[in-house]
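Below is a set of questions and answers on one protein model. Look at the structure first, then read on.

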Amino acid sequence: MILEVLSMLAGGSYWPHYLIQLAPMLSLAVGLWASHDRPLRRVTIYAVVASLVATAGCGIENLNASTPAGQQIGRWLAASNQPGDTATVLYGHAEIELASGMQSPSPHLWSLPLRTTDPHETRLRALLAGPRAPTWLVDWSGVDSWGLDRHGRTTATIARHYRVAADVCGVPVWLHDGVR
């Protein structure tokens, strides 16, 4: 289980669904401990029942939820774009790209590949300032998410070449300067 926790920490992203990797080892450990201790067996039963209830509650809530914000932003982009427009979502949320129907000139639709192949965001800034710059830019989680723009260079590049066109579901959507 220590290896699972270390691998989650080393990954640098802490999405709730990553916790699933703890389930096999945690289940094995609880099963081994519970077989030898009657009070622990009761606690284990309560924990399992509580987990099932919580999981069912989350599932029911998701069934009742309205369209996720990412899909709403993607639909907004799809309704707002012109032929030939492109879009890039910084650091993730590829569902926005998919719902928009637009292509991205950036090969990084997730933060991990960006952090691995362009850790100082040099290529990202060159793209945003260059001739292939995306028409639309979505800043889902902040330009300095995960400490990627520590010196503010990407923020400055965006400020020089883009303007906020809309705030959709609380997320700024930027439009390249010179585009109407």
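Q: In E4, which residue is the bridge partner of Trp136?
A: This is a predicted model, in which local features need pLDDT of at least 70, side-chain atom pairs count only at pLDDT 80 or more, and totals for chains, interfaces and linings use all residues. Residues are numbered from 1 along each chain as its sequence is written, and side-chain values use heavy atoms, with hydrogens and water left out. Strands (E, at least two residues) and helices (H or I, at least four) are DSSP runs numbered from the N terminus. Trp136 has its bridge partner in E4, and that partner is Leu175.

Q: In what sense do E2 and E4 pair, and over how many bridges?
A: Two strands pair if DSSP finds at least two bridges between them. Strands of a sheet pair through backbone hydrogen bonds, either parallel or antiparallel. For E2 and E4 the sense is antiparallel, and the number of bridges is 3.

Q: What is the order of the strands in the open sheet?
A: The open sheet has 4 strands, and their pairing is mixed. Its edge strands, each pairing on one side only, are E1 (87-89) and E3 (162-168). From one strand to the next the twist averages 25°, with angles taken from 0 to 180 degrees between N-to-C directions of axes, which are lines fitted to C-alpha atoms, for helices over the stretch in contact. The order is E1-E2-E4-E3.

Q: Which residue of E2 is the bridge partner of Thr88?
A: E1 and E2 run parallel and are joined by 3 bridges. In E2, the partner of Thr88 is Leu137.

Q: What angle does the direction of H8 make with that of E3?
A: H8 packs on the sheet and touches E2, E3 and E4 (171-176), where contact means heavy atoms within 4.5 Å. The angle between the directions of H8 and E3 is about 95°.

Q: Which residue in the turn between E3 and E4 has a positive phi?
A: E3 and E4 pair in the antiparallel sense over 6 bridges, and Val168 has Val171 as its bridge partner in E4. The two strands form a hairpin with 2 residues between them. The turn residue with a positive phi, of about 55°, is Cys169.

Q: With which residue does Arg163 form a salt bridge?
A: A salt bridge is a side-chain nitrogen of Lys or Arg within 4 Å of a carboxyl oxygen of Asp or Glu, and by this rule the count is 1. The closest N and O atoms of the pair are 3.9 Å apart. Arg163 lies in E3 and its partner in the segment after E4, so the pair ties together parts that are 14 residues apart in sequence. The partner of Arg163 is Asp177.

Q: Is Asp149 buried or exposed?
A: Buried means under 20% relative accessible area, exposed over 50%, and partly exposed in between (1.4 Å probe, protein chains only). Asp149 has no salt bridge, and the nearest side chain of opposite charge, Arg125, is 5.0 Å away; Lys and Arg count as positive and Asp and Glu as negative, while His and the chain ends are not counted. Asp149 is buried.
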